[in-house]
Amino acid sequence: MIPRTRRHLALAATTVALVALTPTPALADPGRSGDRDPDLGPYVHVYDPSTPTAEIQATLDGIFAKQERNEMGTDRHAVLFKPGRYDVDAKLGYYTTVAGLGRSPDDVDIHGAVRVIGQPDPNSPAGISALTNFWRSAENLSVTPTDWSNQWAVSQASPMRRVHVRGTLWLEPGNGGYSSGGYIADSKIDGITINGSQQQWLTRDSELGGDWTNGVWNQVFSGVTGAPAQGFPDPPYTTLPTSPVTREKPYLYVDERDRWRVAVPGLRHDTAGITWAAGGQPTPSLSLRDFYVARPTDGAQRINRELARGKHLLLTPGVYRLDRALRVTRPGTVVLGLGMPSLAPTTGDAALRVADVDGVRVAGLLVDAGQRESDVLVEIGHRSGHRNHAANPTSLQDVFFRIGGPWVGRARTSLVVHSDDTLLDNIWAWRGDHGNGIGWSANTADTGVVVTGDDVTAYGLFVEHYQRYQTVWTGERGRTVFYQSELPYDPPSQAAWTSPTGRGWASYKVADSVRRHEAWGLGVYSYFNQGVDIRAARAIEAPHRPGVRFHDMITVFLDGSGGIERTVNDVGTPVVGSFGTSPVISYP
């Protein structure tokens, strides 16, 4: 997250490859995974147009009242709308998903709003901010605003996917109140987008019908029709005309016979714009009967038994306390979270291990470290791997890690990616800076993301506050489109935070052995808040060779003491002691 205290914050005015899916055998428990009106538990609220509006609004208001301030709580909710029109105002608090159940976002039309508002913050202009508006989402629906705009004032881990805003989209909390960045994919905005105070943002494979009004430090557009022109650092726009390789997140829908299915979009290359435009190819799908529909009361042994039988996995809302890792060993397995469920290891094992196989899809999960230290929380593939998965890679989408916050948590590394060709799409790895169990020797964690696989592509990589390197990349031909990172707030001394290559630890580390790597739109920020002069010698550390290239980087001193001395290797100006920025357009 971005710290609450901020100084001098300046606002600036295809082809679709259909993937073969592994067939699955017998049904799971009756009543839990049937394909008509399945029992998804008490925290999934399903509506159709015949439901009285007052009933829907009362549910939405009740959830928001409970979740508006429930930042570190355990309640989770999903509100799902079958195709039709609804006249409601859906305000989203923590751990709340609002989603449509149509084949297209336009099948569900919300007249009113699906919105996130700011929270009181005495340290922010106008006393309001969105700095901690995390862990919520809107998916697969259209919004026709009945006010002047649809407000989506969020920061990390709050994606908007497959949404059609039939009007103006407003991304800040109001009057310049602070907000620290977010993510939009496969969405269409008919009107203007008011970025306002959003410090960094990634928009991927979408369509903008109006202007993107401004930017602060780091705004990235990848495969976005109507995107503003490349302008970094003034305006701070990084614009890629196409996205090199993508696959959209799986989503629930209800077909014309009222059967529930999970869409599994295909792999695409060199894309721009939305996937659901008229005349597009049909999207492959699976019956919900092919899924084990898990509840938080299910243990890891039961879930693993269903995965071993060949079931896909739908995790309904709640916290899953796991005495061993969930294991995905079959190609093509889908692991889909509904309503921001949490995987919480309790014995020092990982939460999830995925074999080095084709086409696994993991989406919509939180992973919370336990009090017993884990070596890794999620592991994709094996270190001795290097199979070619280019035709059908594994993907992780909207997967968010926490070390501390809800409770004391410890893990040496949050995510390790060994499998070649893996797609990372909106990952937030966060060592907590507030909440429960917070402290330099309490919520300990070395590194957020480690990539050893080759040809891995990341869109929207947010990695923050870890105690050594935030991200380490040793695989060849890696690509990152948008990177946002805060260094740890709380090193108690320079001696406690010194790497083998100098003062502090770089945020983004490319190993000396790597021959080819490329990244676009990187922002690294410092806020050392212990009253000690702490320095990071550089924000990005990489071998100096033609095949390792960086585009549009910035370092920022936010507040506190100390700062960052160089942006990439020995290039860039110091941002130390007071607010400042150091943009670098290209390296080498």
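This is a predicted model: local features need pLDDT of at least 70, side-chain atom pairs count only at pLDDT 80 or more; totals for chains, interfaces and linings use all residues.
Modeller: Local features need pLDDT of at least 70, side-chain atom pairs count only at pLDDT 80 or more, and totals for chains, interfaces and linings use all residues. Residues are numbered from 1 along each chain as its sequence is written, and side-chain values use heavy atoms, with hydrogens and water left out.

Colleague: Why is Asn195 called buried?

Modeller: Buried means under 20% relative accessible area (exposed is over 50%, partly exposed in between; 1.4 Å probe, protein chains only). Asn195 has 0% relative accessibility, so Asn195 counts as buried.

Colleague: What makes the link between the side chains of Asn195 and Gln219 a polar contact?

Modeller: A polar contact is a pair of N or O atoms within 3.5 Å; within protein, one must be able to donate a hydrogen and the other to accept it, and residues adjacent in sequence count only if both atoms are side-chain atoms. The Asn195–Gln219 pair is at 3.5 Å. The Asn195 side chain also reaches the backbone oxygen of Asn214 at 3.5 Å.

Colleague: Why is Ile540 called buried?

Modeller: Its relative accessible area is 1%, so Ile540 is buried. Ile540 touches residues including Leu522, Phe550 and Met553 (contact: heavy atoms within 4.5 Å).

Colleague: How do you know that the buried residues of helix 2 are on the same side?

Modeller: Ala300, Ile303, Asn304, Glu306 and Leu307 are buried in helix 2 (residues 300-309). They cover an arc of only 160 degrees around the axis, which puts them on the same side of helix 2. That arc is of the directions from the helix axis to the C-beta atoms. Helices (H or I, at least four residues) and strands (E, at least two) are DSSP runs, numbered from the N terminus. Strand 27 (312-315) is among the elements covering these residues.

Key
Lists of a residue's contacts leave out its neighbours within four places in sequence.
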